[in-house]
Amino acid sequence: MSFPPELDEHVSLTAMNTMSIPASARWFAEVTSDQDLQALLDVATQRNLATLILGGGSNLIFAGDFEGLVLHMSITGRRWEEIEGDSAVLVLGAGENWHESVLYAASAGYRGIENLALIPGTAGAAPVQNIGAYGVELKDTLVSVTAFDRKTGEWVVLANEECGFGYRDSLFKHQPGRYVITELRLRLCRSRELSLGYADLANYFDGADTSALTPLDVAQAVMAVRRRKLPEPQKIPNAGSFFKNPVVDLKVWDELRLAYPDMPGYPGERTAKLAAAWLIDRCGWKGFRNDRVGVHNRQALVLINHSGGSGSDVLALAERIRQDVMAKFGIALEMEPGVIPPDGALRV
């Protein structure tokens, strides 16, 4: 089988996923332009190869070596458009580092994404997960994404309302592999109110005069809070929050509160969001370690790969935690990362 020279064979992916799971790609290529993407997808179609679009590798678990073609998203670029008064649109290439983009915007005085500092990964992956932290979600500022629709073979621009955003959810998760995001646009504003209501941030600034805070101040506060609670993947391999905070009906929430008065929760009009970390901790998992993988000792939501564990090791631990939470509380935990099996069919 012959391929264009830009494809490499048998490439290690261990350093390309934040969980540091040992895995390799049968075929691999960097995508640095829209033209690259289309040409490489054509090659995959001609050769009947499964494809995986890989960004920062921060929200996936390799279940084994990938037998198809891995396309590493490396389309970069940052620019400002539609600058009108206090607001502007920040345009990001999908391969841009997300955290660096947050600091770029905050340093320029633009508000809206500063609470999302230090989230690992690339800009193009952010809409897929509708990343969120400290009271802010990507959907709050996203205007649109540019993507290649593999089903129709056309380039599309999807507006915010077309992306099907929900809690850690989007159209892109429900139709995995169909849309390849190459660019996103964020509406930011210098006079937007800073979001400081989340408990950890409110505690950080407790007693301080917040009237003169800049978005960079908030980003730095978020970084400090995150570093106290969450391990950096470069030091302790992890995929960030491994489970979503479950959402239950208010009736279930009321029943749980009767049984567990100290259970934290965030009730709304019809549902309540529970704290997955609390549920896991109450089942005794915080700080657990076996020979290869474990649960972080300061944040029960974070599974860690401390000694070269495989994807199977991580998934087996996750399943044990899920079973214990279900048995104790009757709550089904849902994983945040997608699982990448060797055949390439993304499972979320």
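Is D140 buried, partly exposed or exposed? In this predicted model, D140 has a relative accessible area of 35% and is therefore partly exposed.

The side chain of D140 meets that of K139 in a salt bridge, with 3.6 Å from N to O. K139 is itself partly exposed, at a relative accessible area of 31%.

Within helix α9 (residues 311-329), R322 and E319 are 3 residues apart, about one turn of the helix. These two side chains form a salt bridge, and their closest N and O atoms are 3.3 Å apart. R322 is partly exposed, with a relative accessible area of 29%, and E319 is partly exposed too, at 35%. Elsewhere, shared partners join E137, K139, D140, R168 and E336 into one network of salt bridges. Across the structure, the salt bridges number 19.

Attention now turns to the aromatic side chains. A search of the whole structure returns 11 aromatic pairs. One of them brings together W80 and Y104, whose ring centres are 5.9 Å apart; the planes meet at 20°, under the 30 degrees required, so the pair counts as stacked. Here, too, distant parts of the chain are linked, since W80 lies in strand β6 (residues 78-84) and Y104 in helix α2 (residues 98-107), 24 residues apart. W80 is partly exposed, at 23% relative accessible area, and Y104 is likewise partly exposed, at 29%.

A further aromatic pair is made by F242 and F243, with ring centres 5.3 Å apart. Their planes stand at 65°, over the limit of 60, which means that the pair is edge-to-face. Both F242 and F243 are buried.

Ring pairs also draw W80, Y104 and Y110 into a cluster. Charge and ring come together at Y110, as the charged end of R190 sits over the Y110 ring, 4.3 Å from its centre.

Definitions and conventions:
Residues numbered from 1 in each chain as written. Predicted model: local features only at pLDDT ≥ 70, side-chain atom pairs only at ≥ 80, totals over all residues. Heavy atoms only, no water. Phe/Tyr/Trp six-rings, centres within 6.5 Å; stacked < 30°, edge-to-face > 60°. Helix = DSSP H or I, 4+ residues; strand = E, 2+ residues; numbered from the N terminus. Buried < 20%, exposed > 50% of the residue type's maximum accessible area, 1.4 Å probe, protein only. Lys NZ or Arg CZ within 6 Å of the ring centre and 35° of its normal. Salt bridge = Lys/Arg side-chain N within 4 Å of Asp/Glu carboxyl O.
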